[in-house]
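Look at the model, then work through them.

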Amino acid sequence: MSGYEAVIGLEVHVELKTRSKIFCSSSTEFGADPNSHVCPVCLGLPGVLPVVNRQVVAYAIKAALALNCEIAGFCKFDRKNYYYPDMPKNYQISQYDLPLARNGYLEIDVDGRRKRVGIVRLHMEEDTGKLVHQGTITTTPYSLVDYNRAGVPLIEIVSAPDLRTPEEARAYMEKLRSVIQYTGVSDCRMEEGSLRCDANVSVRPIGSRELGVKTEIKNLNSFRSLQRALAYEIQRQIEVLEEGGRIVQETRTWDEAREVTLTMRTKEEAHDYRYFPEPDLVPLVIDRAWVEEIRRTLPELPDARRTRFMEQYGLSAYDAGVLTATREMADYFEECLQHYPEPKTVANWVMGDLSRLLNAANVEITACRVRPAQLGQMLRLIDRGIISGKIGKSLLEEMFASGRDPEEIVREKGLVQITDEGALVAVVDEVIAANPKVVEDYRKGKEKALGFLVGQVMKATKGKASPEVVNRLLRERLH
Amino acid sequence: MALLARLALSEEEKEMYTRQLRDILEYAARLNELDTTDVPPTSHVLPLSNVFREDEVGEHLAPEEVLANAPEREGGFFKVPRIV
Amino acid sequence: MLVKREIGAVELLQAVLRRIDEVEDRVRAYITVTREEALQQAREADRMLSRGEVASPLVGIPVALKDNLCTIGVRTTCASKILYNFVPPYDATVVRRLRDAGAVLVGKTNMDEFAMGSSTENSAFFPTRNPWDLGRVPGGSSGGSAAAVAAGEAVMALGSDTGGSIRQPAAFCGVVGLKPTYGAVSRYGLVAFASSLDQIGPITRDVEDCALLLRAIAGHDPLDTTSARFEVPDYASSLEDGLRGFRVGVPREYAGEGIDAGVRDVLMRVIGLLEEMGAVVEETTLPHTPYALPCYYLIAPAEASSNLARYDGVRYGYRTRDAEDVVDMFMKTRSEGFGPEVKRRIMLGTYALSAGYYDAYYLKALKVRTLIKGDFDRAFEDYDVLLAPTSPTPAFRLGEKTADPLQMYLSDVCTLAVNLAGIPAISVPGGLADGLPVGVQFIGRPFAEGMLLRVAYCVERRVGTFMAPLARDPAAAGCAYHGSGGDTAGRGKDG
């Protein structure tokens, strides 16, 4: 770069997957008809009062522990006052000066280096409703409001400004998602809105200890957007400063289509949220016994699990990383090992063919029709030579589509590998006779020609011939 | 202040309210006669803490009930003028 | 209620409705009278009574509700244009409890807009008049409820009290009004004014009714985080326990200058009566009293400014007709929908919370609140109850205090500190001054409503209950009553 370094901090909102909302008993389920999951409380009708969902606090504590935070012994809720049509009360119940947790950290790996990123605080708050526009927010003549989402529980996680590059920021987000997802308190899907991110970024001359003026960037809908937006904004700020200008402290939005950040011009004056303690709620006293009880429910977290996979199963860092990206995937992998204890083989199949099938069908590993026991069964069939590896691939596809046992499919479709030499010799001889030129090429030294002949035998046997046997027979016959 | 409170005031109103508020605030400044250095604030008079509800889904309002009082609606939504 | 065996619920309701027909055009206590629903409820009550199902002493009793209590299917306006057509899809918890108890809900009473005021003149619709003198205010903000009870337009009523809004109108109208301990009665469904000060309470003709109504509505509610868990006593059963040895403190700050001579006379007489009954009455002090008013007028508007932010025309209520965009809509809707007192308090509250001023105003007020509460805690170490006037003057004339907001605020000096401390207080008529009722106020420790009702009962036994001229003779033209002192009209409950 040009003598400047970037300073980046991320504010992440995570939707907690409790059954009911944070302050009322309305359902948090996604995708319902508009305004069908609301009650007087989350609608902000006159006279209503909030009541805290205990599970929200428990989940928030769990997430905070997974992020190595200190849990406050005493915390409270505050009102954040501002007007917006998606806010039923025109104030949001949040936490201001006494949040649930502070002083945590997350370790990320970028370019082979490990870096610790501080987490300043984690607090609980309620989500707003959703606005629907015709076109964009600036061109629409009117907007429609749906309050289903109002009151859904959120935790806000604020990082320290320890990130220096867009890559680090992305790594932080990916790690954060992984860790939170492991705890089970949220699905953490950016595409569904259960994971949201705003970035604060400034630049300063390398070596300077002071912070430059920062801008806030919103509308980051994917990790890719985050990375690109940061790269753009950093560059933009550097250019402004190099031309002698000043950075305006403002909120900018990332325009995905044009790949630029733009000023968000609104009528809103500088935000004065007029925070004060929420009088309708009482403070929370978090006793250590409760925290320890929750700590005991923490699963093995991604880093620890990846390390163990490397050590226990001899997997590479990369493979271990892929297999532990989500808790469900790691669980699936280890359950497969119960049925077929060859880690590298299982890893290859799961990371390769199975993942390909899952992605193509847009299915989660939890909904995968191939159960670990069935995968194990299939691998044993290959081991015993009953089917070839190649058949295995198409067998897997069938298993994935139908959920049936491999042995059943093999039986039904007659996929049993033909290893009997007697049966194959005839076919081999036919193929040799039918391809004299290729035979000659092979005899002249072209190894590849053998492959062609093997392929022809496979074709003639509908793939059921054992490739090893065919290979051997051909070589024998041709010498 | 009026913008923060989302109130549109005429010039006369602004004058009147400014005057009245100033009087009231001057009166309120009497509080500064008291030394409250070591006094904790009382936000809640009741010594309650940790009041919770369980994570169970309860009854919702029917969408018709939700929208019954809506000044303007479209389908299942509330309708408002443009934001920006 | 003995009466229930003597007359049926429908008959009782019809008597009340007849009275409404006779005097309502002059008193204007109600915003909405729910005639048909009430008749249905009365018929149902009669059915229950004839089956011997008397779940509660309130079966069949006509009760009026202040119009800031949400009632399902019945317009709830808070006497504001901004909620002129709001029909709640849910009942406030206290309303549900009354329904479950078999009470008959007569209608929704007038009030100062959003409970901000001390005279009911701030209603966006019309002022209510005092049945004792139609040229005078009934007090506020629960003026409609107090007037309705005083005029016989309801047997009992519910009001709400944030700075004196039950007690002061009760005193002005010659009836009984009680503000429970903060947390004793659920606030769910009470349209919020100042969340840490609001409480719902009974307004009734006599102390026994007050005890019965309080019992029906008090008690923990899981829908209100700030409601207390406690065993609700049978308040009515301990009324007759007497006062021997009772220690009563009279804070000097409430009995000095600024108190009307007539009011002071009544106070003195009540002190004498208490002593006759065996109580020990002494002067005491609540030194931070002068700071209660500024403290209240920072905390209450601050909380109100936030509680009233939701009135923006999006989901319910009034919306301005032409708005260019949403910010414009918010501003016009609120400016057109709120009255001047409400706007004043919203701005005051917004200011007190704003950046740069929070510490000096709101936070400071919260600290002073601790000091004020401390005064009461100390006083209750020496005394069982405290005694003070409910209001510095009897009912004033309509329009008398509307010019200067501060003047109006000063009429709350005797009641505000009680809300700040969250403790209970009852106003009971102590006598007349120039023919107008004067209320005396007993203040108690947290959850000491039983004790307050007992003391009030003893006083009532001596001075009697008071009936407004309009109630005694509904046909009277309603000029000022110039009587010669207390009226002991017994405890008749029929029209």
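Q: In S8 of chain A, which residue is the bridge partner of A:Glu107?
A: This is a predicted model. S7(A), residues 101–110, holds A:Glu107. S7(A) pairs with strand S8 (residues 113–126) of chain A in the antiparallel sense, over 9 bridges. Within S8(A), the partner of A:Glu107 is A:Arg116.

Q: Which residue takes a positive phi in the hairpin of S7(A) and S8(A)?
A: The hairpin has 2 residues between its strands. A positive phi near 50 degrees is taken there by A:Asp111.

Q: Which residue in S7(A) does A:Glu70 stand opposite?
A: Strand S3 (residues 70–71) of chain A runs antiparallel to S7(A), joined by 2 bridges. In S7(A), the residue opposite A:Glu70 is A:Arg102.

Q: Which are the edge strands of the open sheet of 9 strands in chain A?
A: The order is S3-S7-S8-S11-S1-S12-S13-S14-S15, with mixed pairing. An edge strand here pairs on one side only. The two are S3 and S15 (260–263) of chain A.

Q: What angle does the direction of helix H4 of chain A make with that of S12(A)?
A: H4 (residues 223–242) packs on the sheet. Among the strands it touches are S13 and S14 of chain A. Those two pair in the parallel sense over 3 bridges, with A:Lys218 partnered by A:Thr253 in S14(A). The angle between H4(A) and S12(A) is about 25 degrees.

Q: Which element gives the largest share of the side of chain B that touches chain C?
A: In this contact, 43 residues of chain B meet 54 residues of chain C. Helix H1 (11–28) and strand S3 (77–81) of chain B each supply at least two residues of that side of chain B. The largest share, 7 residues, comes from H1(B).

Note on methods. Residues numbered from 1 in each chain as written. Chains lettered and ligands numbered in written order. Predicted model: local features only at pLDDT ≥ 70, side-chain atom pairs only at ≥ 80, totals over all residues. Pairing = 2+ DSSP bridges. Helix = DSSP H or I, 4+ residues; strand = E, 2+ residues; numbered from the N terminus. Contact = placed C-beta atoms within 7 Å. Axes fitted to C-alpha atoms, helices over the stretch in contact; angles between N-to-C directions.
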